[in-house]
Amino acid sequence: MRDKLCLVTGANSGIGRATAEELARRGATVVMLCRDRGRGEAARARIATRVDGARLELLIADLASQRSVRRAAEEFKSAHPRLDVLINNAGVFWGRRQVTGDGLEATFAINHLGHFLLTQLLEEELKASAPSRIVNVSSSAYKAARLNLADLQSERGYDAMRAYGNSKLANILFTYELARRLDGSGVTANCLHPGVVRTRIGRNAPPLIWLFFLVMKPLLLSPAKGAATTVYLATSPEVERVSGKYFVKQVPQPTAARTYTEETARRLWEISEKLTDLTAADPTA
Ligand SMILES: NC(=O)c1ccc[n+]([C@@H]2O[C@H](COP(=O)([O-])OP(=O)(O)OC[C@H]3O[C@@H](n4cnc5c(N)ncnc54)[C@H](OP(=O)(O)O)[C@@H]3O)[C@@H](O)[C@H]2O)c1
């Protein structure tokens, strides 16, 4: 991975930090997108002590704020004309409905929309690096989804598991649609379930989920193991030309039939463009 530039969102904790560390170990320059400078600096310092000569940069952005995402994308572009690997990893699991400063339900806004916007804003840099890769960290929790495109903000009732599942289904639909749209560009897009991993994801989740993570802690995967499929998709020559797939334990797996409905993916894309004030003609508007 020497000479490769990778951007990892949510790189200060859990799977994202382990991913950043492993990519740095393999020689990549890693841009760590974190929302809090202090936590980002602490993660960068930790990786630097564990990986000799680690090349790490910090990029501060709150994925809940589209303004912040746009500012970060501009900051990235002013420093880098290209990007080899974009890893959309950051995620939240909120027990209660929260609304972002942009007026959007937070789980959907952070897990899907923030990454949708970031990816669109960095598309030219990814194309400039082709062959290049986009890796979206989804979850098998997508199976709990009941995606209602008319109520993406969960205004008609909030169920935490469903909201999280919907956002993870959106990650898959986004990946498949992205792969279709990027076909022939040299940029691949894949997604994955990392396994059930010992991280901080459960801390704001409903009590039962939080308890599950607490009780099961010793049996869960370590963050390094949880990062293995992400790292594989970001680095392995085996998947250089593979696109539009969902991986579990480094193996492509079929997803539920509804994830392959192109009409749903296209409509989600269009709604996401509207909610992020993007148009095909002017992606930086
Ligand atoms: N752990 C599992 O068992 C599991 C299973 C399936 C899928 N996943 C997926 O794995 C991914 C990583 O989660 P994790 O388990 O490693 O959890 P984690 O330890 O809680 O890490 C989540 C990361 O996302 C960041 N983040 C949250 N909100 C953000 C925002 N508004 N802007 C920017 N960054 C934000 C967090 O930053 P802060 O530290 O500042 O909050 C943190 O760095 C998620 O997409 C999750 O859905 C996890």
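Guide: Angles under 35 degrees count as roughly parallel, over 145 as roughly antiparallel, 65 to 115 as roughly perpendicular, and the rest as oblique. Axes are lines fitted to C-alpha atoms, for helices over the stretch in contact, with angles from 0 to 180 degrees between N-to-C directions. Helices are DSSP runs (H or I, at least four residues), numbered from the N terminus. This is a predicted model, where local features need pLDDT of at least 70, side-chain atom pairs count only at pLDDT 80 or more, and totals for chains, interfaces and linings use all residues. Residues are numbered from 1 along each chain as its sequence is written, and side-chain values use heavy atoms, leaving out hydrogens and water.

Visitor: At what angle do helix 6 and helix 10 cross?
Guide: Helix 6 (residues 160-181) and helix 10 (residues 262-275) cross at roughly 95°, their axes coming within 9 Å. The two are therefore roughly perpendicular to each other.

Visitor: And how do helix 3 and helix 4 pack?
Guide: Helix 3 (residues 66-79) packs against helix 4 (residues 106-121) at about 30°, with axes 10 Å apart. That makes helix 3 roughly parallel to helix 4. Contact (heavy atoms within 4.5 Å) involves residues including Val-69 and Ala-73 of helix 3 and Leu-117 and Leu-118 of helix 4.
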